[in-house]
Amino acid sequence: MSSSPSLAVLDALDSARTQWYHVTAIVIAGMGFFTDAYDLFCISTVSKLLGRIYYFDESSSKPGKLPLTVNNLVIGVALVGTLMGQLVFGWFGDKLGRKRVYGVTLILMAVCAVGSGLSFGRTTKAVIGTLCFFRFWLGFGIGGDYPLSATIMSEYANKKTRGAFIAAVFAMQGVGIIFAGLVSMTLSGLFLHLQPAPAYVADRKNSTQPDADFLWRIVLMLGAIPAVATFYWRMKMPETARYTAFIAGNAKQAALDMNKVLDVELDADQDKLSRFLSSNQYPLLSFEFLRRHGLHLVGTTSTWFLLDIAFYSQNLTQKDIFPAIHLTSPADQVNALREMFETSRAMFLIALVGTFPGYWFTVLFIEKLGRFLIQLVGFFMMSVFMLILGLKYEYLKNESHMLFAALYGLTFFFANFGPNSTTFVLPAELFPTRVRSTCHALSAAAGKAGAIVGAFVVQSYTLDENTSEIRRALIVLAFTNMLGFFCTFLVKETKGLSLEEISGEDGRTNEEKA
């Protein structure tokens, strides 16, 4: 059986050598994920400070703490916004074009990052209400970046390095997490140097420095800088050739756009385009899509959902686990800025040693080992390490702090050299051009639903630093990771294949029917 002739512009993209434009596209799309990660995770470094400032009770022997409902709102509202933004912008990406809505996400991120540091009123309700309002819309913008960046990078890349390029875009999330800890650590250290204060146990009222209320605002507002810096370059990117050819139906314009940025000669195959389009007119809600890609969509949504329950629980609750492994001091033994400094320092170290390397190991090995194997091994190892942590929590906490820290760091490593990266890559490759952005959005939104479970449910087990509750949470997370291991078998390996070969857009489906 012979396959139908392919478009020259797609053949050229699939076989093009790595060029400067590919690197530029990785940086432009990657800075969006840098911003995403910084904005989503820096809230973990300031949440305890918010509790000390706005929920201080001088009669209490412990520093102020955000009530459970408020803590869940402050942490989780951006995730809810992200879920909704993924669905909306993912759909727009297929209907209006990837480029047309790509800049809107950055504008939303920049405006709302600044807004997160403002307050419409002086009362606690006004401050928390303003913060939650802007963080919801911040998340909405962040959500749009997921399907658009993944789809754009997959459609620009050649088939030999596509997985590495998409993974490199996503790896900027690791850099953003590091900077969230680094910026918080640096600024809190500077403020602490300028405004020393007694520990809470020594002087409850004066243990929270007056300028602490400025610090958390500055940390959140700095998230606008990378978004603003990237906006111009993002607007200069042309529409992807696959969107222009397959959805807009203009092979000539697709060739012209790619000629401008890639050092290749491309021909416009308008005649051949109709043969491609004829076999790919089915919508998302159709039996044809269900037959071809139904199991793939179940696989990408379920694995991302299960992964993010564990991944976001780890990142958002690590501030509560740090005292158990002696990376931070008991809250009543330090002042407000010292607590933020120690939490940020611990977050930075865990990210630098455990989180960051995992992302780049995926970039290095994804085209050698493949997406499928990396995801399977990652889920399995996360499950093993979390189960050990859960079963031996008290022993590790009291007798072996270094082993505890090592096991905890390894769960981060195998999350990122594993399903946290591959669940982002696979939905950008498995589905046809016409619904690629929407399907990635559905998969990512399922992931954020898992993150919301982590933020609203799992975090409630760790907030009071109760040993038995943390043990239970870790064991449950080990179980969800093992479910992710088995759900991985619903997706297929995409290494070394063109997007059209993976999705069936190359016309072979029609020939098989004939």
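Predicted model: local features only at pLDDT ≥ 70, side-chain atom pairs only at ≥ 80, totals over all residues.
How are α2 and α6 oriented to each other? Helix α2 covers residues 20-54, and helix α6 covers residues 162-194. Their axes come within 6 Å and cross at roughly 40°. Angles under 35 degrees count as roughly parallel, and 65 to 115 as roughly perpendicular. The pair α2 and α6 is therefore oblique.

The crossing also has a hand. Helix α2 passes α6 in a right-handed crossing. Now take the residues of this contact. Nonpolar residues number 19. Polar residues number 6.

Turn next to helix α5, residues 124-156, and helix α7, residues 212-221. Here the axes come within 13 Å and cross at roughly 10°. An angle under 35 degrees counts as roughly parallel. Helices α5 and α7 are therefore roughly parallel to each other. Which residues of α5 and α7 make the contact? From α5 come Val127, Leu131 and Arg135. From α7 come Trp216, Arg217 and Leu220. By class, the contact of α5 with α7 has 4 nonpolar residues and 2 charged ones. It has no polar residues.

Now to single residues. Threonine 423 sits in helix α17, which spans residues 419-425. Is threonine 423 buried or exposed? Its relative accessible area is 2%. Buried means under 20%, so threonine 423 is buried.

What surrounds threonine 423? Leaving out residues up to four places away in sequence, threonine 423 touches Thr303, Trp304, Leu307 and Gln375. Serine 302 gives a sequence-versus-space comparison. Threonine 423 and serine 302 are 121 residues apart in sequence. Their C-alpha atoms are 9.7 Å apart in space. The side chain of threonine 423 also has a polar atom 2.5 Å from the backbone oxygen of proline 419.

Histidine 293 belongs to helix α12, residues 287-321. Its relative accessibility is 2%. With the cut-off for buried at under 20%, histidine 293 therefore counts as buried. Which residues does histidine 293 touch? Setting aside residues up to four places away in sequence, the list is Tyr282, Leu430, Phe431, Pro432 and Ser503.

Conventions
Residues numbered from 1 in each chain as written. Heavy atoms only, no water. Axes fitted to C-alpha atoms, helices over the stretch in contact; angles between N-to-C directions. Helix = DSSP H or I, 4+ residues; strand = E, 2+ residues; numbered from the N terminus. Parallel < 35°, antiparallel > 145°, perpendicular 65-115°, else oblique. Contact = heavy atoms within 4.5 Å. Nonpolar A, V, L, I, M, F, W, Y, C, P; charged D, E, K, R; others polar. Left-handed = near helix turned anticlockwise from the far one by under 90°. Buried < 20%, exposed > 50% of the residue type's maximum accessible area, 1.4 Å probe, protein only. Polar contact = N/O pair within 3.5 Å; in protein donor to acceptor, adjacent residues only side chain to side chain.
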